[in-house]
Amino acid sequence: GRTWSAKATRKHLAARLQRQHRQLVKAAAQWVSLSADERHALRKRAKRLRYLAEFAWPLMTEHAGTTRAASRYLRRLARLQEALGAYNDALVAQSQKSSGGKPSAADWFSRGYWSAQADALAQACEKPLQRLAKAQVFWH
C-alpha cells in the first residue's frame with residue numbers, strides 16, 4: 001500500500017471535501033427544478049459529505065478559528081440533512097397506499113395532506129441549502 005504524509009492526507013481530504021461541497025452547492029442552486037430522484041440524490045450527497053467532513057474535521061483543524069468554522073459548517077450540514085429527511089419522510093408517507101383495492105376517502109385525504117406537507121417541506125429545504133452554499137468551508 002501507499003503511505004501518505006499528514007500533509008498529503010490533508011490535501012487529498014481537502015480536495016474530496018471541496019469536490020463534494022461544490023457538487024452539493026450546484027445541485028442546491030437548482031433545488032426548485034430538481035425531480036424527486038434528483039432531490040433524493042442530493043440528500044445522499046449531503047449525507048456522504050457530512051460523513052467525510054466529520055471524519056476529516058480532527059485532521060483539518062489546526063487552530064481555534066478552523067475548529068469554529070468546522071463546527072459551524074457541520075451544524076449547517078446537519079440542519080440541511082434534517083430538512084431533507086423531513087421532506088423525504090413526507091414523500092414516503094404520500095406514496096403509501098392503504099391495504100385493499102379502491103382508495104377510500106381517508107386515503108385521498110391522506111394523499112392530499114402529505115402532498116401539501118411535502119410541498120411545504122420542500123420549500124423549508126431552501127434556506128438550509130442556501131446557508132450551506134454560503135458557509136465558510138474549513139478545509140482550506
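Trainee: Does E82 count as buried or exposed, and what makes it so?

Mentor: This is a predicted model, and in it E82 has a relative accessibility of 57%. Since exposed means over 50%, E82 counts as exposed.

Trainee: How do you know whether Q20 is buried or exposed?

Mentor: The relative accessibility of Q20 is 11%, and because the term buried is used for values under 20%, Q20 counts as buried. Q20 has its place in helix α1, residues 6-29, and, leaving aside residues up to four places away in sequence, it touches R45, R48, L49 and L52. What is called touching here rests on heavy atoms within 4.5 Å. Over the protein chain, 33% of the 140 residues count as buried.

Trainee: What makes the protein chain more spread out than a compact globule?

Mentor: Let us begin with its elements: the secondary structure comes to five helices and zero strands, and along the sequence the pattern reads α-α-α-α-α. The radius of gyration of the protein chain is 19 Å, whereas the globule rule gives 14 Å for 140 residues, and because the value is well over that of the rule, the chain is more spread out than a compact globule. Along its principal axes, the C-alpha trace spans about 65 × 35 × 25 Å.

Trainee: Which share of the contacts joins residues at least 24 apart?

Mentor: Taking contacts between residues at least 6 apart in sequence, 78% join residues at least 24 apart.

Trainee: How many side chains of the protein chain are positive and how many negative?

Mentor: There are 26 positive side chains and 9 negative ones, and the centres of the two sets lie 10 Å apart. As for the accessible surface, it comes to about 9000 Å², and 53% of it belongs to carbon and sulfur atoms.

Trainee: What pLDDT does the protein chain average, and which helix has the lowest mean?

Mentor: The average for the protein chain is 90, with 96% of the residues scoring at least 70. Where pLDDT is low, the predicted coordinates should not be read in detail.

Definitions and conventions. Residues are numbered from 1 along each chain as its sequence is written. This is a predicted model: local features need pLDDT of at least 70, side-chain atom pairs count only at pLDDT 80 or more; totals for chains, interfaces and linings use all residues. Side-chain values use heavy atoms; hydrogens and water are left out. Helices (H or I, at least four residues) and strands (E, at least two) are DSSP runs, numbered from the N terminus. The radius of gyration is taken over C-alpha atoms; the globule rule is 2.2 Å times the number of residues to the power 0.38. Buried means under 20% relative accessible area, exposed over 50%, partly exposed in between (1.4 Å probe, protein chains only). Accessible areas come from the Shrake-Rupley method with a 1.4 Å probe; for residues, only the protein chains shown count as cover. Lys and Arg count as positive and Asp and Glu as negative; His and the chain ends are not counted. The place of a charge is taken as NZ of Lys, CZ of Arg, CG of Asp or CD of Glu. pLDDT is the predictor's confidence in each residue, from 0 to 100.
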